[in-house]
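Biologist: I would like to learn how to read aromatic pairs. Can you take me through them one step at a time?

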Amino acid sequence: MDDLDQLAFSEEATSLKNIEDRIDALIKPHEERIAQLSEELSDWHSYTYDDDHDRKMIKIKGLEESEKKKSDLEIFKPEPYFCHLRLVIDGNETRDCYIGEHSHDLRDEKGAIILSWKSPYREAYISKTKTHFDIEAGGHKRGYDVRLRRKCSIANAELLEVRTELDDAYGVLHGQISDPFLISVLNDKRRDFDLTNIIKTIQENQNDILDRPLAENFIVQGCAGSGKTMVLLHRLSCLAFDPKNRHLEYVIITPSDSFNHQIAGLCNNLDIDNAAQLTVEKYYARLITALTLRDIAGKESRGFCYVNVPKITLEDNAITPDWDLPKEYLKEIYSDRFYKKVQSAVEAMKKKALGKLKLRNVEAALEARGFHLPAADSVAYDLYKVLSLAETRIEREVVAKNEQTSAVASNADKAAMTQIKEVRSLMDVRSLKRHIEKEIEQLKQKHRVSPKKELTYRYELYIKSLLCVMYYGRCNNAGSVICIDEAQDLSPSELRLIRTAAGPSTPISLYGDTGQNVCPYKGISKWSDVPECVATTYFELNENYRNTLQITEYCNKKLRMNMTPIGLRGPDVARLKPQTCIEKLFDLRNNEDRLRCAVIYKYGLTEIEKHLKELLGEDGSYDEVDTKRISVIPVEASKGLEFDAVVAIEDGLTRNERYIAFTRALTYLFVSRIGA
């Protein structure tokens, strides 16, 4: 450590002591209060006074509140901050700021002690090269010049390491992306088996995405290990931190339940655990349920009239991927052509119904009772609602007149009721469903498809969602802010469906990697295929922070990729026989039993699956992630997951599938082939 480094460490140690003292000063009154109340309660003697019990309960509640406040403050002590900034504000006021990983600021009577990483000062600690920032807070924009920026490693209230990135006093400026502090933090994260935040290591290009306005729709193309999922979660955390956005419902559409399980802890850490984390299949089920659970309600002279909406039901079957079905069949189902066919069927149904109403002059009978036909661009459900309420009104009038001796329902009333009933039946969503099912049956015969009846396939949920959205219109339960991870696996028609369900003003952001598209029958191979109504703004992240230098360069060489490795070093990638690869995994697990290991293979190759079961036996966890055993999972199900050691079975894998399999490995990658 040279003289400047020694001076920086000494100065930072003094700053840390000052911060810890200020935190202790906040804790002390609560400690004193806890001691006082504990003593009073331990010596408590019951009296016969009526308010004796109440007074005791007040003291118990006061004790619990003080213990909670003390605990909330003590959270800051082990690692109060990781960045020390010295800022000159508007050219005259100098202020020292300390940035921590916590979700809220810590203040005393002197001002801020610790600022949350979500504060407006975030850009000042992230940028490696800029020294001037304009920050808006409280409706006022002020200029900030950075005079000092230090990254600090603190554990158990002890200063371990200091890296001065900028110091005006000594002309220190470190601007390279792969700085030692970043590498040190990334290496520390390798020792943490849970998914952790990237607060300390956020880079400028990642922060540009975090700072996008709430209302902006955009696409993030990120290579494997670029942190695109981390950026998604941290951006939501920043949005939710703003009081103006706390009422919003955030929806994260994800590739699998295993992925949701992996990010659950981090979502809690980032205070976004209330965000809905739904697989695509569960999101479709949510749309169907929300749209078909409604009832029609209309004001009537005798109170409210409720008419049940015809339902598209969800079978209580296991939901399964489409992997077993013919690709050409699925290609037609997920195509824009099929989407437009459903859209046209709904419009034709409406046109036919409106034509019949006008032809038979039923419109006059409706208007006479205060009902008006919806506009031509309204959804089919609006017309069904008007007809249902009108039918119920006229039916009540007919019954009421027949009950009166002096009045008899007119033939015109009866005819209007019959005609409205006939047209309403045309508008039943179930008749639309039957029409589309005929189209699907023709496709099944064309492609010789025989799906298992006891299963619900993913594409069936998509079709039902499409029918519901086209018929009922926008879904109020679609989400206020929608983020789609692994978006390259959705077809343009699926993205258009989500946009229609959510409405034109709902912010939608897509995160993915076209290089990881393994669904040629429906996925996105280039982002220009995304409908303009969904998103147009584009960002790219091409730095791989996850995989070792050796794994990243292996992918670049073997798969003609162009990822930027950040510099984490590890063992060389090894090409070995299958049995040797499995033995390597067992050796690694024997040395470190918490090591996460996986074998990744091509789904549907029965000989490969059989061979793997022979090699692994009961030590394998098949088709699901199990940290206590070796997870054996299809490449299609491995997206978004990461393991310390991976055996990639290349048999049958496409280039994109090999890219996914290789980059699931954090440190150890073994490549093998079972067939000749």
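**Reading the aromatic pairs**

Modeller: Start with one residue. Tyr459 has 1% relative accessibility, so Tyr459 counts as buried, the cut-off being under 20%. Keep in mind that this model is predicted.

Biologist: Which residue does Tyr459 pair with, and how are the planes set?

Modeller: Two rings pair if their centres lie within 6.5 Å, and planes over 60 degrees apart count as edge-to-face. Tyr459 and Tyr329 have 5.4 Å from centre to centre and 85° between the planes. That pair is edge-to-face.

Biologist: Where in the chain do Tyr329 and Tyr459 sit?

Modeller: In distant parts. Tyr329 is in helix H9 (residues 327-333), Tyr459 is in helix H15, and 130 residues separate them.

Biologist: Is Tyr329 buried or exposed?

Modeller: Tyr329 has 0% relative accessibility, so Tyr329 counts as buried.

Biologist: How many aromatic pairs are there by this rule?

Modeller: The count is 14 aromatic pairs. Take Tyr284 and Tyr462: the ring centres are 6.1 Å apart and the planes meet at 50°, so this pair is tilted. This pair also links distant parts of the chain. Tyr284 belongs to helix H8 (residues 280-292) and Tyr462 to helix H15 (residues 458-472), 178 residues apart. Both Tyr284 and Tyr462 are buried.

Biologist: Which residues do ring pairs link into a cluster with Tyr284 and Tyr462?

Modeller: Tyr334 and Tyr521.

Biologist: Which residue lies over the face of Tyr334?

Modeller: Lys522, at 5.7 Å from the ring centre. Arg496 lies over the face of Tyr339, at 5.6 Å from the ring centre.

Terms used
Residues numbered from 1 in each chain as written. Predicted model: local features only at pLDDT ≥ 70, side-chain atom pairs only at ≥ 80, totals over all residues. Heavy atoms only, no water. Phe/Tyr/Trp six-rings, centres within 6.5 Å; stacked < 30°, edge-to-face > 60°. Helix = DSSP H or I, 4+ residues; strand = E, 2+ residues; numbered from the N terminus. Buried < 20%, exposed > 50% of the residue type's maximum accessible area, 1.4 Å probe, protein only. Lys NZ or Arg CZ within 6 Å of the ring centre and 35° of its normal.
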